[in-house]
Amino acid sequence: MASVLKTQKINAAKAGKGKRKADAMDTDEPPAQRQKRNKQRVLMLSSRGITHRMRHLMNDLEVLLPHVKKDSKLDSKNHLRLIPELADLNNCNNTLFFEARRHEDLYLWAAKTPNGPSIKLHVQNVHTMDELKMTGNCLKGSRGLLTFDKQFDETEWGRLTKELFTQIFGVPSTARKAKPFIDHILTFSILDSKIWFRNYQIIEKDPLQPNGPPQTTLVEIGPRFVLTPIRIFEGAFGGATVYSNPEFVSPSAVRSMLNHEKGSKYNKRKDAEQETTRRKEGRKRPEDELAVLSKVFA
């Protein structure tokens, strides 16, 4: 008898769920007035050859973005076309790919998969949470507010980058690991044609006066880094070029110029030595027969 009652309860519960689903589907509200659900998911992965600082930066971003899924390292940097397929397998519609180059150069690909657009950025001045050792702190898995500089709305590439970063760094409220709290702010600022990333904690009370009136202040937590936009593509990790930064100079070109300057200094020094030798040879006088006694009294 007990088993029969248990079975009836289970069937009644299933029927109730189906009824609630049907009621939700048979709403009289038009589709335009229904609340849109944010279903953004981000796949984060890197290439082979990243350093410990790059790996710590990825761990910090994973803590700040609870809707991120990490994947294993990509064996080859030349097979970027495989990343949209990996994102599809992981049920992700955004991708953050960290590409390591020689001399510890780090590049970041931010893409909307599978159809794009995508932006390639050069990462500089990386400081992780462990390096900064700041007093601020935030709850793990909490959602953060996004703030963008006014200069993002002044250019077309800025508006496109703002929209892409909003979908990638904006944590949806329905994320599985997200907590129902907002206690930090992610800021994106443009200065010298570069994007500066900062993370601040929201403090509503003064720690020195816990019983005093509430005072909202911001304390930097970290990490911090600087992004230089290189090129924006129409597709995911390729396609037609939508924007190209004319002011960007690659680190390899900078190193080549420095090596060329060092080589030019060496060539100038050798030319100066040859000029000195030539002048010494030109100042020599011909030998006089009367200046040598042995030749005079020979």
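Biologist: What should I know before I start?

Modeller: The model is predicted, so local features need pLDDT of at least 70 and side-chain atom pairs count only at pLDDT 80 or more, while totals for chains, interfaces and linings use all residues. Residues are numbered from 1 along each chain as its sequence is written, and side-chain values use heavy atoms, with hydrogens and water left out.

Biologist: How are helices and strands defined, and when do two strands pair?

Modeller: Both are DSSP runs, numbered from the N terminus: helices are H or I with at least four residues, strands are E with at least two. Two strands pair if DSSP finds at least two bridges between them. Take strand 4 (residues 106–112). Seven bridges join strand 3 (residues 94–100) to strand 4, and the two run antiparallel. Leu96 stands opposite Ala110 in strand 4.

Biologist: Which strand pairs with strand 4 over six bridges?

Modeller: Strand 5 (residues 118–127), again in the antiparallel sense. Here Ala111 stands opposite Ser118.

Biologist: Which residues in the turns take a positive phi?

Modeller: In the hairpin of strand 3 and strand 4, with five residues between them, His103 has a positive phi of about 60 degrees. In the hairpin of strand 4 and strand 5, also with five residues between the strands, Gly116 takes a positive phi near 90 degrees. Strand 10 (residues 224–235) and strand 11 (residues 238–244) run antiparallel, joined by four bridges. Their hairpin has two residues between the strands, and Phe237 in the turn has a positive phi of about 60 degrees. Arg231 stands opposite Ser244 in strand 11.

Biologist: Is strand 4 buried or exposed?

Modeller: Cut-offs come before the case. Buried means under 20% relative accessible area, exposed over 50%, and partly exposed in between (1.4 Å probe, protein chains only). In strand 4, seven of its seven residues are buried. Both faces are covered: Leu106, Leu108, Ala110 and Lys112 lie on one side, Tyr107, Trp109 and Ala111 on the other. Contrast the loop between strand 3 and strand 4, where Arg101 lies. Arg101 is partly exposed, at 37% relative accessibility. Its C-alpha is 8.1 Å from that of Ile50, 51 residues apart along the chain.

Biologist: How do I read a pair of aromatic rings?

Modeller: A pair is described by the distance of the centres and the angle of the planes. Rings of Phe, Tyr and Trp (its six-membered ring) pair if their centres lie within 6.5 Å; planes under 30 degrees apart count as stacked, over 60 as edge-to-face and the rest as tilted. The structure holds 12 aromatic pairs. Trp109 and Phe233 are stacked, at 5.6 Å centre to centre and 20 degrees between the planes. Trp109 lies in strand 4 and Phe233 in strand 10, so the pair ties together parts that are 124 residues apart in sequence. Both residues are buried.

Biologist: How are the rings of Phe148 and Phe188 arranged?

Modeller: Their centres are 5.1 Å apart and their planes at 10 degrees, so the pair is stacked. Phe148 lies in strand 6 (residues 142–148) and Phe188 in strand 7 (residues 179–191), so parts 40 residues apart in sequence are tied together. Phe188 is buried, with a relative accessible area of 1%. Phe148 and Phe188 belong to one aromatic cluster with Phe152, Phe165, Phe169, Phe197 and Phe225.

Biologist: Which residues of helix 5 are buried?

Modeller: Trp157, Gly158, Thr161, Leu164, Phe165, Gln167, Ile168 and Phe169. For the length of a helix, the expected span is 1.5 Å times one less than its number of residues. Helix 5 (residues 156–169) has 14 residues and reaches 20 Å from its first C-alpha to its last, close to the 20 Å expected.

Biologist: And how many salt bridges are there?

Modeller: A salt bridge is a side-chain nitrogen of Lys or Arg within 4 Å of a carboxyl oxygen of Asp or Glu. The structure holds 10. In one of them, Arg278 and Glu275 meet at 2.3 Å, N to O. These two are three residues apart in helix 6, which means a separation of about one helical turn. Arg278 is exposed, at 51% relative accessible area, whereas Glu275 is partly exposed, at 29%. Asp153 forms a salt bridge with Lys162, the closest N and O atoms being 3.4 Å apart. Arg198, Glu220 and Arg224 are linked in a network of salt bridges.
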